[in-house]
Amino acid sequence: MSSKQLKTREKDASLLPEEEQAKIDDVRKLIGPIADKLPLLCTDASISRYLRARNWSTKKASKMLKETLEWRLQYKPEKIRWEDIAHEAETGKIYRPNYSDKLGRPVLVMRPGFQNTNSTSGQIKYLVYCMENAIMNLNQYQEQMVWLVDFQGFAMANVSVKVTRETAHILQDHYPERLGLGILYNPPKIFESAWTIVKPFLEPKTCKKMKFVYSDDPKSLKIMEEVFDLDKLDAAFCGRSTGGFDYQAYAQQMKEDDIRKSNFLDSSSASQSHRSYLSEPHRSGSPDLDHDSNMSNESGLSSGEEANHSNLECIDIQVQELSLSCKDIQVGEAAVAEQVK
C-alpha cells in the first residue's frame, strides 16, 4: 500500500464505527417524521453519505438530507420514465454504456457538444433520470459512479449558465458521495481557460480527483488503462470496443430498466430492510470495502465536495465573460483571415 493510500485510510478511519452510528442516529432524530415518507433514503448507508458530504456535521447533514427528502417528494425522480425524456437522449449526450470501470462502478458518458434541446427543465429531468438509472445499476456494496466527459464538438455555446447552476445544485445537494471519478476527455483550450476560473471555487481534494485525459498524450492515457478494461471501453476513448452509442438499443435497455424499477417500487419487498437503487447496505468500517473505498478516494470525485452553491453566480458571470472573450477572438481571427485573402 502506498503512503498516499495509507494516509487516506487513516483519515477515513478517524471515526470509529460506534461514533459513526451515533451520528447516524442523531441525524435520523433531527430530520423527524419526514423520514417515514421515504425510508429507503434514510437507511444507515444513505445517512452516512450525507454525513461524509458535510464532514460529519449532524446539523448540516440533517439539513441537507431533509431538503433532499422534500425535493424527492415534490420532484418524484423515481417516477421519470424513458418516454418522458426519450427525445433528450437522441444524440447520446448522456448515456450509460454497457461497461463499468475496474471497480464495478457504472459509467455515465457525457458529451456536452451533443446538446440537442433548449429546455432547461427537460435537460435537468434527463440528467436526473440518468443519475437514478446509474444508481439503480450499482453493484452491491458499491455507492459511486464514474463520469466520462467527452468534449468532442464542444463549444462555449454549449455552456448554459442556467443549466450549469441547476446541475451543480442537483448533484451537490441531492446526490452526495455518488460521483467516484470525473474524467475530462480531450477538453479544448477554451474549456481549460474556463477550468482556471472554476478551480478556485472547488475544494483542493476535488480538484486533484478530476482527471484531464488527452488522446495524444500517452502519459494521461495510462489513466484510462488503470480505470477501464480497454477491451470493453469505446474506441472513442482509446478503447478497443467499436460498439458506440446506438439509440434504439439504448432505448430498449432503458425501457427494461424502467420495468425493473417499477416492479421494485411496487413490490412489498421495497422496505428499509432490503437493498434498493436508492441506498446500499454500506458501512464505512466494512473490511470488504476497504480496497474499493481507497481506490475511490484516490481517483474519485464526491459531488458533496463541489463548489459552494453561493459561488455559482460568480462562476457563471466569469464563464459568460470568457465566452464573450472567445467570441471576440474568433471575430478578430476572421477579420485577419479576410485581410489575407
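Visitor: Among the contacts in the chain with a separation of 6 or more, what share comes from residues 24 or more positions apart?
Guide: This is a predicted model, where local features need pLDDT of at least 70, side-chain atom pairs count only at pLDDT 80 or more, and totals for chains, interfaces and linings use all residues. Residues are numbered from 1 along each chain as its sequence is written, and side-chain values use heavy atoms, with hydrogens and water left out. A contact means heavy atoms within 4.5 Å. Among contacts with a separation of 6 or more, the share from residues 24 or more positions apart is 79%.

Visitor: What is the mean pLDDT of the chain?
Guide: pLDDT is the predictor's confidence in each residue, from 0 to 100. A value of 70 or more is reached by 71% of the residues. The chain mean is 78.

Visitor: Over which residues is the pLDDT below 50, with 107 contacts beyond near neighbours in sequence?
Guide: Residues 1–13 also stay under 50, but there the model has 16 contacts beyond four places in sequence. Where pLDDT is low, the predicted coordinates should not be read in detail. The stretch with 107 such contacts is residues 281–341.

Visitor: How many helices and strands does the chain have?
Guide: Both are DSSP runs, numbered from the N terminus: helices are H or I with at least four residues, strands are E with at least two. The count is 13 helices and five strands.

Visitor: What percentage of the chain's residues count as buried?
Guide: Buried means under 20% relative accessible area, exposed means over 50%, and partly exposed lies in between (1.4 Å probe, protein chains only). The chain has 341 residues. The buried part is 48%.

Visitor: Which residues does Ser48 contact, leaving aside neighbours within four places in sequence?
Guide: Ser48 lies in helix H3. Its relative accessible area is 0%, so Ser48 is buried. Its contacts are Glu20, Ile24 and Trp56.

Visitor: Is Trp56 buried or partly exposed?
Guide: Trp56 sits in the loop between H3 (44–53) and H4 (58–75). Its phi is near 65°, a positive value in a residue other than glycine. At 22% relative accessibility, Trp56 is partly exposed.

Visitor: How are H2 and H4 oriented to each other, and why?
Guide: They pack at about 50°, with axes 9 Å apart; axes are lines fitted to C-alpha atoms, for helices over the stretch in contact, and angles run from 0 to 180 degrees between N-to-C directions. Under 35 degrees is roughly parallel, over 145 roughly antiparallel, 65 to 115 roughly perpendicular, and the rest oblique. H2 and H4 are therefore oblique.

Visitor: Which residues of H4 meet H2?
Guide: From H2 come Lys23, Asp26, Val27, Leu30 and Ile31. On the H4 side are Thr58, Lys59, Ala61, Ser62, Leu65, Lys66 and Leu69.

Visitor: What angle do H6 and H11 make?
Guide: H6 spans residues 120–136 and H11 spans residues 247–266. Their axes lie 11 Å apart. The two helices are roughly perpendicular, therefore, to each other. The packing angle is about 65°.

Visitor: Which residues of H11 make the contact with H6?
Guide: H6 brings Tyr126, Tyr129, Glu132, Asn133 and Met136. H11 brings Tyr250, Met254, Asp257, Asp258, Arg260 and Lys261.

Visitor: How far apart in space are Val128 and Leu171?
Guide: Val128 is in helix H6 and is buried, with a relative accessible area of 0%. Beyond four places in sequence, its contacts are Trp71, Tyr75, Pro77, Ile80, Ile170 and Tyr175. Val128 and Leu171 are 43 residues apart in sequence. C-alpha to C-alpha, the distance is 8.9 Å.

Visitor: What is the relative accessible area of Tyr141?
Guide: Tyr141 lies in the loop between H6 and strand E3 (145–150). Its phi is positive, near 70°. Tyr141 is partly exposed, at 40%.
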